[in-house]
Amino acid sequence: MTTLANNNHVSALSHVNKRGEANMVDVTDKALTSRSATAEGYIQMSVHTLSLITQGDNKKGDVFSVARIAGIQAAKKCSDLIPLCHPLMLTKVNVDFTIDEERSQVHVTSLCKLTGQTGVEMEALTAVAVACLTLFDMCKAADPLMEIHGIRVMTKEGGKSGSWQAKAEQALEDSKNKG
């Protein structure tokens, strides 16, 4: 698996045609292959708010269950939100949460999988973004100053361009700088 640093993976823009117009990529002739992607993001909040959600004391209920379902649903609806994304038949969507008490934040991760003709990076990113937004929505009464940050693709597997992995050190450094 290739490891990428920031801006080391440069190629032509695939969603722009030769005239510079927005264009949906034609995947008709691409082979069906197993593809997956993982993404991550963070939502930072007050110590009090983090305690409310980890103790199950948020008045809106189990925020993690609601955010998980929202993230899964968002991945499934990605093509309805991002104009040039292809509608995909996802075979797996997973959204997980890890509490980082030291930085008073929640680390949100997603995994999307399918066998298809195009990748699932946008679906993984959308799952994380909407899960973070749902956490914000569920907790905004207690903490309107929460901050969402660090949303990025972590891994991609399958397809013509093969597999790659983002450098973990960069995510850790970015998280430290926010905390």
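In this predicted model, the buried residues of α2 are Val63, Phe64, Ala67, Ala70, Gly71, Ala74 and Ala75, where buried means under 20% relative accessible area with a 1.4 Å probe and protein chains only. Viewed along the axis of α2, these residues fall within an arc of 135 degrees, so they line one face of the helix; the arc is that of the directions from the helix axis to the C-beta atoms.

**Helix α2**
- Helix α2 spans residues 63-76, which is 14 residues.
- From first C-alpha to last, α2 reaches 20 Å, close to the 20 Å expected at 1.5 Å a residue; the expected span is 1.5 Å times one less than the number of residues.
- At the start of α2, a side-chain oxygen of Asp62 comes to within 3.2 Å of the backbone nitrogen of Phe64.
- The cover over the buried residues of α2 includes α1 (47-54), α3 (78-81), β3 (92-100), β4 (105-116) and α4 (121-139).

**Whole chain**
- There are 5 helices and 6 strands in the chain, taken as DSSP runs (helices H or I, at least four residues; strands E, at least two) and numbered from the N terminus.
- Their order from the N terminus is β-β-α-α-α-β-β-α-β-β-α.
- Of the chain's 179 residues, 39% count as buried.
- Among contacts (heavy atoms within 4.5 Å) between residues at least 6 apart in sequence, 72% join residues at least 24 apart.

**Basis**
- Residues are numbered from 1 along each chain as its sequence is written, and side-chain values use heavy atoms, without hydrogens or water.
- The model is predicted: local features need pLDDT of at least 70, side-chain atom pairs count only at pLDDT 80 or more, and totals for chains, interfaces and linings use all residues.

Terms used: Buried < 20%, exposed > 50% of the residue type's maximum accessible area, 1.4 Å probe, protein only. Polar contact = N/O pair within 3.5 Å; in protein donor to acceptor, adjacent residues only side chain to side chain.
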